[in-house]
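Hello,

Here is the structure I promised to pass on to you. Have a look at it first, and then read my notes below.

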Amino acid sequence: MTPSLPHRGGLLSHARLALLVAGLAVPWMPAWAEAKDTLQARLDFSEASFHWAERIRDTLTPPRWLPAGERFIYQSRVEPYGETWVLVDARKRTQQPLLDAESLRSQLTALFGKPMTLPVVVPFTLTADAKGIVFTVQGRAFSLGLTDKRVVALEPTHPVALSLARGNVLSPDTGAVAVQRDTGFAVVDAKGTTRLERAGTEDTPWRLPEAAWSLRGRFLAVWRDDMRGMHRIPVVDYSTPLEKVSWVPYSKAGTPLMRSELHFVSMETGQVTPAQGEATEGYDWFAGWRPDGSEALVLQLSRDGKRLDLVAVEPATGKRRRVLREERKETFVAALEFSVGGWSQQVKPLPDNRHFLWMSERDGWRHVYLYDYSGKLVRQLTRGAFPVHAVVGITPESDAFFVVASAEAGAPYDRKVYRAGMSGGPLKPLTPEPGAHRPELSPSTRYFVDGHSSREQPRVWDVVSTEGKASFRYAKADTRGLAELHYTPPEGITVKAADGVTPLYGVLYKPWNFDPKKRYPVIDVIYAGPFVTMVPWSYVGSYESRFAHSLAQLGFIAMVLDARGTPGRSKAFQDVNYGRVGQTEIPDHVAALKQAAASRPYMDLERVGIHGHSWGGYFALRGMLTAPEFFKAGYAGAPGALTEEAIINEPNMGLLAENPDGYAAGSNEALADKLQGALKLMHGTSDVNASLSTTMRMAQALVRANKHFDLLIMPGEDHSPPGRYYLDDVRQFFLRELGEPR
């Protein structure tokens with residue numbers, strides 16, 4: 001069960017879709033108005049409104065700082081430079097294109113032999129000497145010099161070009177690249193020669209971590225995954241009369257996990273040395289190296305999420321030692337959000353090679369702690385009733401570091417940049433603007449690029465000094481393409497949770513032609529997974545927020561809420577549903593809707609629906625079964641269950657054998673007889689994220705309870721069905737079951 005549902009393709013013609021992606025004006029409103037209220041026109045407008053963010057022209061590729069000179073390069077997609085790369089000098093507060101857009105198109109056209117323009121997103125990096133950039137277009141690699149302005153085709157085996165492919169890792173001296181090859185890996189040098197190669201199998205593949213290379217490239221760290229003991233789920237291919245069944249490894253709650261063994265490859269000898277391991281089940285992440293390359297750093301999380309170890313390993317011998325252990329008996333230390341990327345922020349080595357920064361919620365909030373490599377705590381560096389989300393940079397002198405935190409009173413979800421000191425003390429704010437900030441620090445840490453937006457403010461790009469000098473804005477998103485969709489940001493709401501005390505935050509979406517004198521049916525667009533937030537605090541927001549906006553354009557009021565049990569605030573806020581997922585979330589959502597409607601008479605609480613996908617599908621079912629008098633219609637897409645994937649459930653619920661009552665209380669199947677309203681379920685037959693069996697068991701329980709429901713099975717589709725069929729089905733379901741504004 002993943003936190004998002006990407007959308008691909010649709011029923012729009014290729015030409016119209018291309019116009020949408022390009023951000024050009026498509027006359028949706030005149031066509032819709034001319035067609036009056038035909039169902040297809042309304043669905044088309046809702047679909048266009050779902051894709052409103054694609055009409056924004058903005059730079060989507062992270063900027064690249066040059067190693068010296070306080071300069072960086074970014075890909076522009078807006079005027080005055082158009083579609084090209086631009087060099088910015090932070091110190092001089094100037095910028096100029098590496099090559100004007102017309103000349104870039106001309107050179108690419110000559111190299112391809114056909115008219116060419118840059119795609120929306122172009123992966124790029126610096127050349128080895130930082131005198132140019134390397135980028136890929138349509139699978140071909142090129143360099144562009146900062147001085148000669150020439151675009152030159154590169155060999156496919158060029159190490160820097162290969163490093164742009166996902167999963168490949170460039171060596172520190174850029175003379176070789178570790179390449180992922182099917183179930184194995186290889187090391188390719190600058191001449192394209194394969195220096196070393198290892199093959200794997202489907203059940204025992206090799207996997208390259210992000211920071212695989214040690215200092216000066218002496219060692220390469222590689223994982224060997226072992227899936228032979230795992231449970232398998234069947235995926236049936238129905239495309240021919242003779243069905244084909246494949247069996248996919250899948251760790252359900254209580255079943256064996258994949259085992260990962262770390263190996264080190266010596267580039268001098270070619271010898272492969274395994275790291276010493278442990279017999280206990282858990283999860284492992286490669287966290288990088290000590291600055292001198294003497295030890296690799298590995299994070300090991302216990303299966304139940306209650307224990308997190310930092311382990312140091314000598315690459316030449318594989319000898320391991322535990323540096324420190326973070327442990328809680330009453331709740332989890334880390335859960336799914338840690339697995340899908342949070343681990344990368346857990347430990348940050350300092351340049352002195354003697355200390356590192358460590359993240360912990362031990363005082364009730366996520367803060368930064370200073371340790372040495374013997375595992376001794378030196379001091380806590382940040383304090384306060386707010387969370388620190390990430391350490392984004394450390395000064396070369398190691399006397400200060402920079403964090404993203406939610407430290408502003410009254411703005412618990414704003415993410416701003418602060419300077420902190422190694423001696424402790426209060427944080428120094430560097431970004432006063434509200435919303436979500438994503439900094440990219442220069443190598444010297446004297447400046448950073450700050451791409452930031454809020455719910456009301458489209459993204460802008462600033463260069464900010466960490467030493468108090470004036471900042472300057474070098475780019476901003478172009479939102480003119482939104483005009484014809486009549487897009488307006490949602491209305492923020494603050495309500496109390498079902499406990500009557502805890503403040504919760506959410507948003508309400510309204511139709512573009514909203515009339516406060518009418519009464520609108522209401523849809524709760526829910527996710528509620530205990531590892532992610534969905535309420536938008538940036539301009540574009542989450543999948544749930546965009547689909548809520550899309551549904552609202554059909555004549556609904558749609559709510560998105562982050563209830564108790566979600567991350568990003570205090571540990572106590574998230575621990576409310578520890579061991580009891582499914583018991584607190586729906587009461588919070590019902591309480592929020594009632595409070596919002598109390599001062600908004602246009603919200604018709606006699607006609608309330610609930611929709612979600614994945615974890616949201618589980619909670620859409622949960623709403624229909626635990627609040628059947630309140631929710632009149634529910635659509636659950638690819639719903640999960642508490643007994644599905646182990647990493648998703650066990651850290652938040654405890655182990656199945658240790659908390660059987662909690663798992664039983666969170667079962668939707670056991671509540672099938674409570675259904676009263678209209679219910680529809682959707683599942684793809686090739687879903688290996690939330691397996692099809694969850695919907696089959698739910699359907700079986702509903703049949704046994706003599707409860708009627710609708711079921712959409714999508715043959716061959718995975719967890720994220722492409723196209724409009726599913727989304728239009730959701731739209732039509734609520735139009736049919738909840739009706740029109742009155």
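**Helices that pack together**

Helix H3 (residues 39–50) packs against helix H14 (residues 725–738) at an angle of about 125°, and their axes are 11 Å apart. Helices here are DSSP runs of H or I with at least four residues, strands are runs of E with at least two, and both are numbered from the N terminus. Axes are lines fitted to C-alpha atoms, for helices over the stretch in contact, with angles from 0 to 180 degrees between N-to-C directions.

Before going on, please note that this is a predicted model: local features need pLDDT of at least 70, side-chain atom pairs count only at pLDDT 80 or more, and totals for chains, interfaces and linings use all residues. Residues are numbered from 1 along each chain as its sequence is written, and side-chain values use heavy atoms, leaving out hydrogens and water.

H3 and H14 are therefore oblique to each other (under 35 degrees is roughly parallel, over 145 roughly antiparallel, 65 to 115 roughly perpendicular, and the rest oblique). On the H3 side, Leu39, Arg42, Leu43, Ser46, Glu47 and Phe50 meet Leu727, Asp728, Arg731, Gln732 and Leu735 of H14.

H14 also packs with helix H7 (residues 543–552), at an angle of about 50° and with the axes 11 Å apart. That makes H7 oblique to H14. Tyr543, Phe547, Ser550 and Leu551 of H7 make the contact with Leu727, Val730 and Arg731 of H14 (contact means heavy atoms within 4.5 Å).

**An enclosed strand**

Strand E14 (residues 219–226) has six of its eight residues buried, so the rest of the structure largely encloses it (buried means under 20% relative accessible area, exposed over 50%, partly exposed in between, with a 1.4 Å probe and protein chains only). E14 pairs in the antiparallel sense with strand E13 (residues 206–207) over two bridges, and with strand E17 (residues 259–266), also antiparallel, over eight bridges. Two strands pair if DSSP finds at least two bridges between them. Arg224 of E14 is the bridge partner of Trp206, and Arg224 also stands opposite Glu261 in E17.

**A buried asparagine**

Leaving aside neighbours within four places in sequence, Asn652 is in contact with Phe332, Ala335, Pro530, Phe531, Asn577, Tyr578, Gly579 and Val581.

Enjoy exploring!
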